[in-house]
Amino acid sequence: MKKYLLILIFIGIFSVNFAEKIDLNIADINELKTLPITEKQASDIYEYRYFIKFFKSIYELREIPSIDQKTLNRLKPLVSVSHYDDKDEVAQRREQIYYLIGRLGSNEGLQEGISDVWEDYLITPRNINHLFFSEILSLPNTSPIDVAAILKRRSNGDTLANYRDLRYSPGISYYGASNIRHYVYYKEKERKNKFYFDYQFKYDDSPYDEDAQEMFKESMINDLVGGNTEAPREKTQSYWGYFRMDQYSPSIMNKIRIRYDNQWKAGLLFNSQKGEKNNFENNINNAINKFLPLTNSSDNNLSLDAKMFVGYENSVIKNDFLKVYFGNYRATFGEGLVMENSDFYSARKTGFGFSKRITGIIGDLSRTQEYALKGSALEYSTYKFNAAFFFSKDKKDAVVFDSNQDGILDENDDLFSYITMTRGFTNSELEQAEDYYNNHPNNDFLINMAPRKDAFEEQIIGGHFEFSPIIGTHLGITGYEATFDRDFVVDNSSDSLKYLLIRTPENADEKWKIINSEIAALYSTKTGNYNRDYRRVLGFDWRTVLNNTSIQGEYAELSVDGKELKIGDDPKAFILSAFSQFENFYILSLYRDYDLDFDNPYARGFSEHEKFDGTVLDSYVYTLSNPLIADLCNNSAQAQAEKGVYFETRYRFSTYFTLNRTYLDIWERKADSRKSVRFQGELDFRPIYKLSLRLKYKHQVNRYDDDADRAVSKTNETTGRIIANLSNFDRISLEYRYLSVWGPPYPYLTNDPGFGNTIIQGSSLSHADYVCVDYTHNFNKNLKVQGSFVFWDGNGISHWDWEDMEIDFMGEGGLKFWFAIHDKIANNLFLTLKYKVKDYKTKENEWRAWWNEPPDEGAYYFQTVKRTEQSIRLQLDWKF
């Protein structure tokens with residue numbers, strides 16, 4: 001591995017073109033500051049190009065008052081002037097859309113619906129002088145301080161006439177102004193309402209990730225029943241074999257969006273998950289059945305993810321704005337504690353930077369299904385207040401358990417929890433598989449709980465009201481009530497819960513740890529104290545901007561047995577944050593505190609881990625009565641119950657040095673009081689602007705308050721990276737990462753506790769490393785290729801890698817390469833094609849009574865397996 005590192009460093013150093021000239025027509029302000037001129041001269045050159053015109057000749061520098069002949073002579077050998085094509089506004093915006101598609105095309109859901117909104121505003125921007133606070137804040141990478149600066153200038157009677165006015169609004173940051181500029185215009189133009197049509201096709205045959213494969217491949221048949229340890233394993237021993245999941249069909253998505261200017265909007269989505277049927281004609285027929293209740297169908301043999309919406313947005317009278325949506329929509333308010341309907345979890349979602357929330361009501365064509373809202377929604381805004389109302393009625397998937405103990409899972413049984421299934425098996429498929437395993441002669445347990453599609457009907461009525469007395473300050477109230485046609489019951493009053501979840505009763509006490517109290521804290525509609533058919537969540541949020549600091553937060557309560565209007569007598573969640581912004585520096589401080597029994601399925605607040613992380617639902621190998629219910633953890637979108645403080649900053653303290661995003665999080669997991677700390681920092685050194693040398697360090701300790709506890713672990717990760725920005729926007733990056741994980745002393749490593757020998761010995765220390773070469777090459781302005789080569793050695797430690805805006809968690813050790821071709825075939829046709837090959841080893845799994853006893857070669861040992869995976873992802877975007 002060291003040999004690879006030396007070779008890559010050698011290539012990186014000599015791949016940089018140190019003599020390349022700086023192009024005056026494309027260089028940003030930081031590049032100009034690297035020239036032998038003053039900062040004022042660099043700023044004058046940048047503003048001349050941006051506010052007056054692009055350069056046609058180097059000698060036009062003399063038109064700038066601060067550039068004399070002596071300075072021009074000094075700059076001649078160092079700068080160049082490229083040809084500038086003076087495109088019209090539509091063409092320029094088309095280029096921005098192409099860039100956006102390139103960045104967000106492979107996104108797996110986190111910002112998928114949001115990117116549709118941003119794309120609409122790129123095509124048809126809005127007048128910055130008429131937008132409300134929340135509308136500007138919803139634009140990419142804008143902060144509340146930036147928005148308040150704009151509105152305060154407007155309140156003084158100033159009309160923003162151009163980008164220069166925007167940029168020099170007192171208090172706005174350079175990044176905020178530059179991110180806003182492509183989404184707005186400044187002067188009213190003759191209105192030309194147009195129709196816009198977008199079609200997007202996605203094909204993805206990527207294999208299931210390791211967690212999903214482990215879940216599906218877990219044995220459902222006990223090889224040891226009857227002492228038959230020599231019998232060959234059956235191909236149908238697991239769900240993977242029973243459903244022949246190695247022959248899965250790809251994921252296919254078709255999305256159509258139609259707009260008339262920014263007023264009328266409509267969309268239609270057909271999405272089939274990996275392994276599901278994707279016959280397009282059947283999809284259309286089922287879509288009609290789903291959305292038109294008059295054509296009700298009892299056929300659930302096809303699994304379909306279909307969504308559609310129709311929306312209207314416009315001003316009704318002067319200085320107001322109305323939104324009306326029918327069909328699928330997204331509703332997000334405050335800090336996401338009461339309502340943010342998405343199937344996707346995002347760690348450390350602060351609401352700033354790249355973890356932006358678009359608050360309010362928008363149309364939804366994302367791949368969110370379990371927490372999708374379908375019905376109608378209304379939002380009305382003025383400068384002083386905002387009001388929203390939403391109604392939804394839809395079928396939801398859930399885990400069903402044999403509550404009446406009749407040996408059958410059917411509509412007469414109670415529900416355990418919502419579930420987002422990795423593969424959407426139909427109910428008939430699941431029932432047939434369960435019948436097969438329950439009646440197998442070698443099976444010594446019964447499947448008493450399982451996921452079911454469309455297991456219950458959920459009806460939601462909710463709303464939000466917000467009052468803004470002054471610019472940058474608001475107080476809002478949000479609430480919803482969800483009613484159900486079946487009961488949710490989680491019996492946490494006895495030992496019945498652990499015997500329900502754990503496969504073998506004799507091991508239940510051993511496997512049931514205190515962390516599983518998070519499962520026991522799930523919400524029930526029927527208990528010994530009440531019997532109801534609803535879940536109700538209420539909360540309030542606030543924000544105020546004071547100079548260059550924004551303070552915001554949200555408080556929410558889940559109604560259980562307390563009084564509706566009394567604060568503190570029901571399970572609660574609380575977030576408070578402060579964000580301070582300067583020209584080259586920002587700092588974010590955040591505090592959160594979520595009660596263990598605050599079980600709101602639509603909460604998406606800040607957290608380090610998703611709900612059920614570390615519970616028996618996470619460590620399910622040879623544990624759960626049905627491995628498919630592990631999707632409760634694998635696909636959880638809720639935050640785990642935590643209490644902690646988080647700090648984040650970025651500081652450019654000189655021309656050469658920048659402290660990139662750096663954060664510190666200190667928190668306690670409520671379920672077992674485990675205290676943890678996580679730190680990550682990155683220093684960026686640029687000896688010249690086009691060469692970046694980065695050093696990143698990450699340190700995490702779980703259970704830092706007790707080194708002798710079995711749950712403690714200490715992880716250190718150091719990464720060195722060289723990034724060379726070459727000509728024509730090409731780039732090459734070389735990265736090396738080293739990890740180490742320390743584990744505490746453990747008596748089972750060397751001793752048999754059955755004989756009372758429990759002396760603690762043998763702490764563990766694991767090492768791993770990783771090497772990556774990442775590149776981007778632009779053949780011309782319409783065609784580029786990106787890719788990487790990765791080598792890694794895990795030694796039991798998990799590695800991860802960012803691939804073209806998606807994350808890949810890798811196996812024990814191996815290599816992979818991928819490339820993605822981005823091609824603008826025509827002005828309105830875009831193509832992205834990605835191909836990946838991954839050759840890696842799986843992790844050895846074994847279970848022993850103690851270290852000196854060899855593992856049983858039957859059901860309790862899986863040796864390392866080498867795998868080779870290939871995948872293709874295709875995306876086509878057609879816009880006119």
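## Terms and basis

A residue is called buried under 20% relative accessible area, exposed over 50%, and partly exposed in between (1.4 Å probe, protein chains only). At 4% relative accessibility, Asp684 counts as buried.

This is a predicted model, in which local features need pLDDT of at least 70, side-chain atom pairs count only at pLDDT 80 or more, and totals for chains, interfaces and linings use all residues. Residues are numbered from 1 along each chain as its sequence is written, and side-chain values use heavy atoms, with hydrogens and water left out.

## Confidence

The predictor's confidence in each residue is given as pLDDT, on a scale from 0 to 100. The chain has a mean pLDDT of 83, with 82% of its residues at 70 or more. Confidence is lowest in helix α1 (residues 2-14), where the mean is 44, and highest in strand β15 (residues 474-484), at 97. Helices (H or I, at least four residues) and strands (E, at least two) are DSSP runs, numbered from the N terminus.

The pLDDT is below 50 over residues 104-110, a stretch with 21 contacts in the model beyond near neighbours in sequence. It is also below 50 over residues 224-233, where the corresponding number of contacts is 13. A contact means heavy atoms within 4.5 Å.

## Overall make-up

The chain holds 18 helices and 34 strands. Of its 880 residues, 53% are buried. Among contacts between residues at least 6 apart in sequence, 65% join residues at least 24 apart.

The accessible surface of the chain is about 39,300 Å², and carbon and sulfur atoms account for 56% of that area. Accessible areas come from the Shrake-Rupley method with a 1.4 Å probe; for residues, only the protein chains shown count as cover.

## Nonpolar cores

A nonpolar core is a set of buried Ala, Val, Leu, Ile, Met, Phe, Trp, Tyr and Cys residues joined through side-chain atoms within 4.5 Å. The largest one has 78 residues, and those with the most contacts inside it are Ile128, Leu166, Met339 and Tyr480. Helix α8 (residues 144-155) gives the most to this core, with six residues.

Leaving aside residues up to four places away in sequence, Leu166 touches Ile150, Leu160, Ile172, Ala177, Ile180 and Tyr186. A second, separate core has 41 residues, including Ala212, Phe425, Val490 and Leu632.

## Salt bridges

A salt bridge is a side-chain nitrogen of Lys or Arg within 4 Å of a carboxyl oxygen of Asp or Glu. The count by this rule is 47. Asp595 pairs with Lys572, their closest N and O atoms being 3.3 Å apart. Asp595 lies in the loop between β19 (585-594) and α18 (631-634) and Lys572 in strand β18 (residues 572-581), so the bridge ties together parts 23 residues apart in sequence. Asp595 is buried at 17% relative accessible area, while Lys572 is partly exposed at 29%.

Asp684 and Arg694 meet in another salt bridge (3.6 Å, N to O). Asp684 is in strand β22 (residues 674-688) and Arg694 in strand β23 (residues 691-702), so this pair ties together parts ten residues apart in sequence. In the bridge between Lys816 and Asp808, the closest N and O atoms are 2.8 Å apart; Lys816 is buried at 2% relative accessibility, and Asp808 is buried at 10%. A network of salt bridges links Asp116, Glu119, Asp120, Asp198, Lys255, Arg257, Arg259 and Lys879.

## Surface patch

Patches are made of residues with over 30% relative accessible area and no salt bridge; like charges are joined within 9 Å and nonpolar side chains (Val, Leu, Ile, Met, Phe, Trp, Tyr) within 5 Å. Trp264, Val310 and Phe326 form a nonpolar patch, with about 330 Å² of accessible area together. Trp264 lies in strand β7 (residues 264-272) and is partly exposed, at 46% relative accessible area.
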